[in-house]
Amino acid sequence: MIEFPSSKPSLSESAYSEIRQSLIQGDFEPGQRLSEPELALRFSTSRSPIREALSRLGHEGFLERLPNGRVRVRALDVSELEQLYVVRATVEGLAARLAANRLRTIDLEQMEKAQDEMERCIKKNDVVGAIAAGQVFHDLLVRECGNEPLIEVLSGLRAKISRFRAVVASLGDYDPERAIEHRRILKALYQRKAELAATEMMSHVNRSAAVLIARLHKRR
């Protein structure tokens, strides 16, 4: 992504980033009510930055405001997840198509290392590690697609999807088929076959969605 000169983030920006990450990681339960005073204490800041952060997160769909003015974590709506994945499959397929002829050898080698780590984690039944390594694989590809608006769209989609994936990670189960699909994507990228890479990526994302949705239904 485009980098700008770094500057110290504002209190509201820091609060927003920390609360958002906690939501993505599943630190707050769906339906849990959030208290401004408690969050201010937890994140060592005043209530004003917390209030601004909660407002932003509400607009992004992570939170919802009740009639009494209180704020709670939005429930995990499986139908919403299905819609998110429809968009993600299309956008990430496009990212693979664009990146196929832009990826350098060093980029592909880094993707292969991430894939090796993912497979090691699967053998150890390290679900969190496998998900993290898989994310590195995808991030490396998207980083090199050369389309900043696409990167921004995917970042938002992944953040929302991560809330659902955190629940599945807590079940201690991981689909090993993902590793095989990653290998197919990587092979197409090494061969510079843009259309095949896009097709394999879309197939991978769609199947990941089906598995994730099935497990969420089972959990419910």
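Q: How many disulfides does the count come to?
A: A disulfide is taken here as a pair of cysteine sulfur atoms within 2.5 Å. By this rule, the count comes to 0 disulfides.

Q: What kind of model is this, and how are its residues numbered?
A: This is a predicted model, where local features need pLDDT of at least 70, side-chain atom pairs count only at pLDDT 80 or more, and totals for chains, interfaces and linings use all residues. Side-chain values use heavy atoms, leaving out hydrogens and water, and residues are numbered along each chain as its sequence is written, from 1.

Q: Is C121 buried or exposed?
A: Buried means under 20% relative accessible area, exposed over 50%, and partly exposed in between (1.4 Å probe, protein chains only). C121 has a relative accessibility of 1%, so C121 counts as buried.

Q: How many of the 17 residues of helix 6 are buried?
A: Helices are DSSP runs (H or I, at least four residues), numbered from the N terminus. Helix 6 covers residues 127–143, and its buried residues include F137, H138 and L140. Helix 6 is largely enclosed by the rest of the structure, because the buried residues number 12 of the 17.

Q: Which helix gives the largest share of the lining of the largest cavity?
A: On a 1 Å grid over the protein atoms alone, a cavity is a set of points where a 1.4 Å probe fits but cannot get out, and lining residues have an atom within 4 Å of a point. The largest cavity is lined by 14 residues, with H138 among those nearest its centre. The largest share of this lining, 4 residues, comes from helix 6.

Terms used:
Helix = DSSP H or I, 4+ residues; strand = E, 2+ residues; numbered from the N terminus. Expected span 1.5 Å × (residues − 1). 1 Å grid on protein atoms, 1.4 Å probe; cavity = no way out; pocket = protein on both sides within 12 Å on 5 of 7 lines; lining within 4 Å.
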